[in-house]
Amino acid sequence: MTRQVYDGIRILDFTQFQQGPVGTQLLADFGAEVIKIERPGAGDGFRGGKSGRGGFGSGFIACNRNKKSLTLNLKDPRAVKIVRDLAKISDVVAANFRPGVMEKLGLGYEDLSAINPRIICAYATGYGLTGPDRDTLGQDMMAQCRAGLVRGNPPRTCGYNIVDQFGGVLLATGVMLALAAREKTGRGQVVDTNLLNTALQADQMGATAYLNGSYGKPKDAMAAQAAAPADGSPKRYRGNPTYALYEAKGGRWVHVIDAFRDRPAARQLKAMGYADAVADDPRFADVHNLTAEAGEELKGLIARAVAGMTPAEVVERFKTQDMMAVPVRWYDEAFEDPQVLHNQMILEAEHPLAGTVRMLGFPIKLMGTPATLRRPPPVLGEHNDEILGGLLGMSAAEIEALKKDGVV
């Protein structure tokens with residue numbers, strides 16, 4: 001078997017729910033040995049989700065393949081000692097508790113680096129390890145709202161946990177950077193990622209536009225549309241009709257995309273069958289600076305044309321002009337897409353409790369050292385004996401005594 005990128009890297013994973021587990025799973029997919037440390041009897045809060053199978057929530061299945069499970073009661077000093085012993089032979093400790101929790105357990109960076117100077121402590125918090133809100137509970141929608149991602153009138157969220165998911169990717173990236181730095185310095189360090197920073201980063205282009213004066217406040221933008229500018233120039237159309245959602249035949253929706261080409265309105269209108277006299281109307285030449293009247297007229301032209309076609313017909317017509325349009329899909333169609341199937345974005349594994357489980361495939365492809373599916377998401381405590389006996393050398397009698405006392 002091809003050696004994977006992170007073969008030989010061991011991660012002690014205290015994360016749960018989504019933000020942290022997404023990041024540690026990404027590293028596990030590429031060979032890292034991830035030991036998920038969970039509460040005896042309960043485990044990760046996603047284990048018992050309503051949409052689960054065999055007691056396994058789909059959220060847990062989504063974020064925990066290729067990991068091992070070790071149950072430890074961290075209120076018992078013997079469990080803390082086990083973690084410290086594992087930290088001596090590990091590379092990374094990952095956690096998404098509130099700041100200070102690991103330190104109270106005696107498992108913070110200062111504690112662990114004293115026994116293993118190469119250890120990396122990677123934290124995924126709500127707002128950061130320092131600052132006025134360091135102790136505030138963090139959550140995806142809170143981050144979306146605070147970072148300006150919730151927009152519209154009425155406002156809408158992104159519709160899914162984009163900040164948790166992207167936050168996990170940034171956590172994994174931070175660990176990768178710290179591992180690379182350790183190759184040069186010989187020492188570990190703290191990796192600090194949080195949901196608020198992630199939410200701001202999620203719309204990097206929009207945030208940068210605002211910081212450089214391209215975006216005003218939403219209320220100012222709405223007021224500007226309601227009245228002509230004081231200098232008497234024409235009212236402007238808010239938005240870009242050539243980059244928008246339209247309802248097609250049968251109640252399906254299509255997103256047309258201007259592709260940032262020259263004169264996109266003319267290209268789109270010709271693709272939809274309009275004569276050159278309409279498509280080349282000079283009022284539509286600059287779709288980012290339309291008058292209110294021209295904007296509404298252009299929007300109406302596109303809407304009427306799309307309404308008379310199926311989504312597939314819209315897509316084909318746009319292809320004739322080398323432009324893009326895409327139907328709005330639900331998962332039933334998304335996972336039948338030939339390209340999705342070609343990209344191997346569906347994985348299956350046999351699970352001892354849940355039976356056959358299906359998971360998203362690996363989004364990153366490496367030709368020489370690819371990700372692999374080595375094990376399904378673990379049963380709670382499934383690897384207690386393997387880790388305690390195999391890694392720490394405990395005898396069967398010692399492990400049994402710890403189980404009897406509720407330590408594991």
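This dialogue shows how several features of a predicted model may be read.

Student: How do the strands of a sheet pair in general?

Tutor: Backbone hydrogen bonds pair the strands of a sheet, in either a parallel or an antiparallel manner. In this structure, three strands make an open sheet in the order β7-β8-β9, with antiparallel pairing.

Student: Which strands stand at the edges, and why is one side of each left without a neighbour in the sheet?

Tutor: The edge strands are β7 (244-247) and β9 (324-327); each has a single partner strand, so one side of each lacks a neighbour in the sheet. On average, neighbouring strands of this sheet are turned by 30° against each other, direction ignored.

Student: How many bridges join β7 to β8?

Tutor: Four bridges join β7 to β8 (residues 253-257), and the two strands run antiparallel. Within this pair, L245 is placed opposite H255 of β8.

Student: Which helix packs on the sheet?

Tutor: Helix α14 (residues 311-320) does, touching β8 and β9. The direction of α14 makes about 165° with that of β9.

Student: Let us turn to helices. Which residues of an α-helix point the same way, and why?

Tutor: An α-helix has 3.6 residues a turn, so residues three or four places apart point the same way. A helix may also be read by its cover: in α11 (residues 264-271), six of the eight residues are buried, and the helix is mostly covered. The buried residues are P264, A265, A266, Q268, L269 and A271.

Student: Against what do the buried residues of α11 pack?

Tutor: They pack against β8, α12 (276-279), α13 (292-307) and α14. Just after α11, G273 adopts a positive phi of about 95°.

Student: Is W330 buried or exposed?

Tutor: W330 counts as exposed because its relative accessibility is 59%. W330 is located in the loop between β9 and α15 (331-334). Together with Y331, F335 and L360, W330 forms a nonpolar surface patch, and the four have about 480 Å² of accessible area together.

Technical notes:
Residues are numbered from 1 along each chain as its sequence is written. This is a predicted model: local features need pLDDT of at least 70, side-chain atom pairs count only at pLDDT 80 or more; totals for chains, interfaces and linings use all residues. Side-chain values use heavy atoms; hydrogens and water are left out. Two strands pair if DSSP finds at least two bridges between them. Axes are lines fitted to C-alpha atoms, for helices over the stretch in contact, and angles run from 0 to 180 degrees between N-to-C directions. Contact means heavy atoms within 4.5 Å. Patches are made of residues with over 30% relative accessible area and no salt bridge: like charges are joined within 9 Å, nonpolar side chains (Val, Leu, Ile, Met, Phe, Trp, Tyr) within 5 Å. Accessible areas come from the Shrake-Rupley method with a 1.4 Å probe; for residues, only the protein chains shown count as cover. A salt bridge is a side-chain nitrogen of Lys or Arg within 4 Å of a carboxyl oxygen of Asp or Glu. Buried means under 20% relative accessible area, exposed over 50%, partly exposed in between (1.4 Å probe, protein chains only).
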